[in-house]
Structures are given as C-alpha cells and as structure tokens.
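Hello,

Here is the structure we talked about, with the sequence alongside. My notes on what I found follow below it.

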Amino acid sequence: MKDQDHAKARSRRIHRRIMLWSLLLIGLGAMVAPLTGYLFVEIAGAQSFEEVNPRSETTWRDVREGNGGVTTIQGNETGVLIQNGGENYRQLRNGPVASIMPWVMGAALVAIALVFFIGGRHKLDHAPSGRVVPRWKLWERVLHWTTATLFIVLSITGLSLLFGRAVMIPVFGPEGFAAYASGAMMTHNYVGPFFTICVGIMALAWAWHNIPNKTDLEWFKAGGGFIKGKHPSAGRMNGGEKVWFWFIVFVGGAVCVTGVVLDFPIWGQTRETMQQAQLVHAVAAILWISLFFGHAYIGTLGTEGAIDGMTTGYTSVEWAKQHHDLWYEEVKDQEIDADEIGLTKGVAVNRDSGAPTSG
Amino acid sequence: MARMKFLCDAERCIECNACVTACKNENEVPWGVNRRRVVTLNDGVPGEKSISVACMHCTDAPCAAVCPVDCFYTTDDGIVLHDKDLCIGCGYCFYACPFGAPQYPQQEAFGVRGKMDKCTFCAGGPDADNSDAEYTKYGANRVAEGKLPACAEMCSTKALLAGDGDMVADIYRERVMRRAGRPQTWGWDKAYGAGV
C-alpha cells in the first residue's frame, strides 16, 4: 500500500512539473512568436541590399573595397589596386601604439620605483645559516638565461625599430641610425625564431610547476608577500610567478607567433595579415617588456636571496622557508651545506652580509 | 610650382603593358621588381576596364609615415622619393601603401628583402642628378632633363597621363566633356586627398 501511495505521489509530481514547464513554454512562445516579423524584415532588407542599382557604377566601388582584377605581373595580391588596411595600420601604429604603449612601460617602471622606495626591499627574516636546497637544475638555468639574453636583445632591437625614428635619429643622425637599424633588424629577425624555440621549451618544461591551485588564491588574498610581515604560503612557484608564467605562454606566445609570421614572408601572407600581425606583435611585446621589468626587479633587487636559485641553482634554506614554505617541506630532505657542494656565491655563502634586518 | 600626378584614363587603357616595359627598360629595374603594373577589372566581360598603376606619389604618403628610418622625402614637385642608402628593407612601407607600390628584389626567410624599390616618377633619388650612382640605385632621372616619366610618354593611347596635376586634370576634363562620360579620376581621392 505504501509503495502504491508513493508511486501515485510521484506521478502527480511529474504531471505537475510537465504542466508547469508547458505553461512556461507556451508563455515564452507567445512572447517570441510576434518578434519573427522583425526577422522577416531583416532578411528581406538584406536581400534588397544585394540587388544592384543599375544606374550605379560598381567597378570603382569594388576597387575601393580592395577587390582585385587580372594582371600579368606575378606575385601575391598584384591584382589588387587599392588595399585599404594599410591606412588603418598606419593610423594605429603611429597613433595609439606609438603614443600609448611607452606610457605603459613607463608606468611599470614608476610602479617598481614606488614599491622599492615605499615598500623597500624584501629582506630575509633570518640570517642565512649556510644550509641550502636545490631549486633549479643546470639545464633549467641555461634555458632561463639564454631566453633572458635573447629577450633583452630582441626588446632593445624591437623598440629601436618602433621608436628609433623619434628618439634615436635626433641623436645619431639619419645615416648613423640607418646603419644601426639595419643591424638591429637583422639581429631581431635571426634571433627571433631561436627565442621562440626557447620560450616553447620553457612553456613545456615548467607548465607542471605552474598549474594554479587554491594556495595561489590565498597567496593573492594575503597581498602576495608585498605586505610587510605577512608570508603567505606558497609551493614551488607562488601565485605571482604563475601569473608571469601564463602571461608568457599566452601574451608571449602571441608575440612569438606573430613574429614568426612577420619573419617569414614566404608563405603567401597577405598584407592584411602582416598589418594585423605587426600591431599585435608590437602591443603584446611592449606589455611583455613592462611585466618583465617587474620580474627582473623581484628576482634581483626586490627579494634578497631570490637570484641565487637561478644563478647557483641552490637557495638558502631561510629563503625557501620564507617564500616557498610548502615547497621547502617537499625538498628539505635534500638540504645540504653550501660548503659541501662548493658554493662560492649567493646569500647563503655570505653569512655576514645577510644579517637579519629590521625590515 | 608644379605638383606632379599620375592619372590613368580607364576608357583609353588597352592593357598593352607598354608602360610596364618602358619603365623596366628606362630604369633598368632588377629582376622580379615591377614598378608599374596593369590591372584589368572584369577581364573578358562587357565593361572590362584596365588601369596602369604605380606609386601615386601621395600627398600624405603612408609609406613615409611608417618608415622606421625616415628614408622618404617629397620633392618640390610633389614626387615621393626614398633614400636607398638609409632603407633597411623592413617591408613596413609595403604594408602601409594602398597601391602596392613598394617592391623588393628578394622575399626570403628571416625577412630578407633587400632595399625597397619603387616608381620614382623617373626623378631618380637623392644622389647627384643623372650620376652613375643615381642610375644604378634608382634608374633614370628624366625629370631633371625636363622630360616626363617614360611610361606616360610611351603610352600609345595616351591613357596614362603624368605631369603637373592641374594640366593633367585639364586634359582629362576636356576628354570627359567630349565623350559625355563620367569622370573616373581613379585613385586620386586616395592618393591626393578629397576634393581634387
């Protein structure tokens, strides 16, 4: 009996649900159906637009819109009489890209200066004891510094090509700058693909260190260690480092892809592709350089002991505990005395200079 | 002061490509570079039109605006020329030009292009007029000799007009009046701005 009651109740519930949804559907249909009139007008309007006015001359309109004709001259897009994208490219490149992007770079430098002068350096809380833990393997350090060197070379040469006309011609004169720019362009073009390969290897090699997790959220909530006295937990890579990594993967990736497109004009790219690629390349690259300033500051001057991991491959135990406590727990069994492995550089070795400070 | 312009009369151009040949011959243009080309629209159907196009020597030239080494200059006659000693062959002028005028002797991997080459309105370059250096780099300097570009002077149907903009416009206006057609000052609004 009880089962029967249950079954009845359930079927009643289902019926009620079907009824409710049907009513909703009917209501919705009643509201939407009259709107199909607009759709009809829209379609009819689109069709009438396609009809050609017999009194108008369409040839020149086609030309003006960039449609091509036939020519005996061989080559890419030789049949196109007018390519309109070039003027947009010119306006955007010489306008917003050249006038706004330098301010982004400048703002990054100002922000770093503010952090340095107001917040101050991030010193070690405890004097280094001379004990160290391994952080970066030799091949990882070689990869990092190769990429870093190429990045700086590409940044300087790339910025020279965009801003050299305004900034460097008045200094070097047209001939001097042209000689430099020629070398800069060649360097940029030949170095770029190798840099792209380095970035690609880095992205593949370090992706698994950089998978975001809950710890990163807590890290950001706690101000990412920028607030004095607070040391939010972090694993091997903290939230900030992960942001930098994924920024390189996506924004840096865009720079690399557009760079390769621009560097090899042999695959039949249209002018439009090249114009767009160049604008994306310039904007993304300058964003990259701006964030790089922050990376370089935090990795060297900003955080005491941070550079050791990338130069010697080992960091002091004190640094690891302070900045990457969760990671330290993982590697503390590999802890070793700096003298034992013959370390001659780094905070852990210079025990006196790394004395505890009030900060 | 003259303001040099090109105008191609699409009602007259018969796509003979003599202008292309004349230009190559006069300027000893390198292989693969075509300073001028003839484009036929609606080829083979009634109402087909042909246009001879090269550098239009724009009033506010986009090529000059984007050049990273600032190698372009406009002469007193309104002719847009460039200095091949400064050119680094980056290709930006080619991306910016609406008419596809800038050309490169090469187009290879790693962006190797060589120095840009384009129509000079047969006015050479920044080197001394009609010097060997000028001829090797830029071709003939007919303007310095008081002549007009070879392409326009060769044109069998006088479709391609070159010279002072006012005179070119007068000749063309007269033609349009006689044939009761509509003016087709092709490319002029793009190259020389609205209202010309």
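**Helix packing in chain A**

Helix α6 of chain A, residues 169–206, packs against helix α8 of chain A, residues 239–263, at an angle of about 150°, and their axes are 10 Å apart. That angle makes α6(A) roughly antiparallel to α8(A). The crossing in which α6(A) passes α8(A) is left-handed. Please keep in mind throughout that this is a predicted model.

The residues that α6(A) brings to this contact are N189(A), G192(A), P193(A), T196(A), V199(A), A203(A) and W206(A). Facing them in α8(A) are F245(A), I248(A), V249(A), G252(A), C256(A), G259(A), V260(A) and D263(A). Sorted by class, the contact of α6(A) with α8(A) holds 9 nonpolar, 5 polar and 1 charged residues.

α8(A) also packs against helix α9 of chain A, residues 271–302. Here the angle is about 145° and the axes are 8 Å apart. The crossing of α8(A) and α9(A) is again left-handed. On the α8(A) side, the residues in contact are W244(A), F247(A), V251(A), G252(A), A254(A), V255(A), T258(A), G259(A), V261(A) and L262(A). They meet T273(A), M274(A), A277(A), Q278(A), V280(A), H281(A), A284(A), A285(A), L287(A), W288(A), L291(A) and H295(A) in α9(A). By class, the contact of α8(A) with α9(A) has 15 nonpolar and 7 polar residues, and no charged ones. G252(A) and G259(A) of α8(A) are listed in the contact with α6(A) and also in the contact with α9(A).

α9(A) has a further partner in helix α4 of chain A, residues 85–119. The axes of α4(A) and α9(A) come within 9 Å and cross at roughly 5°. The two helices, α4(A) and α9(A), are therefore roughly parallel to each other. The contact of α4(A) with α9(A) divides into 17 nonpolar, 5 polar and 3 charged residues.

**Chain A as a whole**

Chain A has 12 helices and 4 strands. Its radius of gyration is 31 Å, well over the 21 Å that the globule rule gives for 359 residues, so chain A is more spread out than a compact globule. Taken along the principal axes, the C-alpha atoms of chain A fill a box of roughly 100 × 90 × 35 Å.

Chain A contains an open sheet of 3 strands in the order β3-β2-β4, with antiparallel pairing. The edges are β3 (314–316) and β4 (336–337) of chain A; each has a single partner strand, so one side of each is left without a neighbour in the sheet. Strand β2 of chain A, residues 131–134, is joined to β4(A) by 2 bridges, and the two run antiparallel. Within this pair, V132(A) has I336(A) in β4(A) as its bridge partner.

**Chain B**

The secondary structure of chain B comes to 7 helices and 6 strands. Along the sequence, the pattern of chain B reads β-α-β-β-α-β-β-α-α-α-β-α-α. The radius of gyration of chain B is 17 Å, close to the 16 Å that the globule rule gives for 196 residues, so chain B is as compact as a globular protein of that length. The C-alpha trace of chain B spans about 50 × 40 × 30 Å along its principal axes.

**Where the two chains meet**

The contact between the chains takes 44 residues from chain A and 35 residues from chain B. On the chain B side, the elements that give two or more residues are β2 (37–41), β3 (49–53), α2 (62–66) and α3 (92–96). The largest share of that side, 5 residues, comes from β2(B). By class, the residues of chain B that touch chain A divide into 20 nonpolar, 9 polar and 6 charged.

β2(B) also takes part in a sheet with chain A: 3 strands form an open sheet in the order β1(A)-β2(B)-β3(B), with antiparallel pairing. β1 of chain A and β3 of chain B stand at the edges, each with a single partner strand, so one side of each is left without a neighbour in the sheet. Strand β1 of chain A, residues 70–71, pairs with β2(B) in the antiparallel sense over 2 bridges. T71(A) has V39(B) in β2(B) as its bridge partner.

Regards

Notes
Residues numbered from 1 in each chain as written. Chains lettered and ligands numbered in written order. Predicted model: local features only at pLDDT ≥ 70, side-chain atom pairs only at ≥ 80, totals over all residues. Axes fitted to C-alpha atoms, helices over the stretch in contact; angles between N-to-C directions. Parallel < 35°, antiparallel > 145°, perpendicular 65-115°, else oblique. Left-handed = near helix turned anticlockwise from the far one by under 90°. Contact = placed C-beta atoms within 7 Å. Nonpolar A, V, L, I, M, F, W, Y, C, P; charged D, E, K, R; others polar. Pairing = 2+ DSSP bridges. Rg over C-alpha atoms; globule rule 2.2 N^0.38 Å.
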